[in-house]
Amino acid sequence: MSQSLQLLIFGLLAAGGNLLGGWLIARAPHTSHTKLKHLLGFGAGFMLAAVMLEVIPESFHHPNTNSSLTMVWLLAGYLIIQLVEHTIAPHFHFGEEVHTEEMHRSGVAITAIAALSFHAFFDGLTIASGLLVNFRLGLLLFLAVLLHKVPEGVTVASIMMSAGKTGRSALNATALVAIFTFAGIACVVFIEQGVSWALPLSAGATLYIAATDLIPEINREGGWRSSLFIFAGVATFYLTQLLLHHLLG
Ligand SMILES: [Zn+2]
Ligand SMILES: [Zn+2]
């Protein structure tokens, strides 16, 4: 399978996850909250393990890497998400939106959607820069991203619904975020030479999403059961990694 076909398939499936989440909310607002939290926890554990066990080591192995800069790119990736999601956007968190009052203040929903679109761009960039290294890393990062794509679609659609918008505009907003995911993947054409910085940059962003956005969201109201899903995500990553090393070398 050619690399562009792999990119296309991964891109379509990841974007499809967003659309599925949006559709669930547009069809039936107040989808099962607990199930979504569990999926978020599982996805966060998987992502965290992917960054620590695959992406960071791989960033140092890459042939034309200046290893003194690798951690700088990682830190930059982490901070760029802090800047856009929590410094520029006034209100941002994952999961179903329940702060209806705040969402009615003008612009809050719009900036939240803009921040999520930016975030989704990095989801796409993460998958693409993994695929540039090898198929195994691309597949692992695709799975890591895919696991939070449905909850992400739910987040987007429920922000719009909480802001008093129709189901149709909720779906349109979800489609926008899906398109940005795809744009991040399409950027691979430009980063081919830059994988030595794109990989640690997207690793920093992924680390932020897992450990700073998703895990606190689970801890805020989840009990020990939700917390266990994080560990289950890590364990599943580990098993998937073993399996893929075995199958793909
Ligand atoms: Zn909120
Ligand atoms: Zn995402």
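Axes are lines fitted to C-alpha atoms, for helices over the stretch in contact, and angles run from 0 to 180 degrees between N-to-C directions. Helices (H or I, at least four residues) and strands (E, at least two) are DSSP runs, numbered from the N terminus.

The model is predicted: local features need pLDDT of at least 70, side-chain atom pairs count only at pLDDT 80 or more, and totals for chains, interfaces and linings use all residues. Residues are numbered from 1 along each chain as its sequence is written, while chains are lettered from A and ligands numbered from 1 in the order in which they are written.

The chain has 11 helices and zero strands. The axes of helix 5 (residues 108–133) and helix 10 (residues 195–221) come within 9 Å and cross at roughly 135°. The two helices are therefore oblique to each other (angles under 35 degrees count as roughly parallel, over 145 as roughly antiparallel, 65 to 115 as roughly perpendicular and the rest as oblique). Their contact (C-beta atoms, placed from the backbone, within 7 Å) is made by the following residues.

| Helix | Contact residues |
|---|---|
| Helix 5 | H119, F122, L125, T126, S129, L132, V133 |
| Helix 10 | V195, A198, L199, S202, A205, T206, I209 |

The largest nonpolar core has 84 residues, and helix 5 supplies its largest share, 15 residues. Such a core is a set of buried Ala, Val, Leu, Ile, Met, Phe, Trp, Tyr and Cys residues joined through C-beta atoms within 7 Å; a residue is buried if 20 or more other C-beta atoms lie within 10 Å of its own, exposed if 12 or fewer, and partly exposed in between. Among the residues with the most contacts inside the core are A44, I127 and A210. Leaving aside neighbours within four places in sequence, A44 is in contact with A210, L214, I215, I218, I230 and G233.

Note on methods. Contact = placed C-beta atoms within 7 Å.
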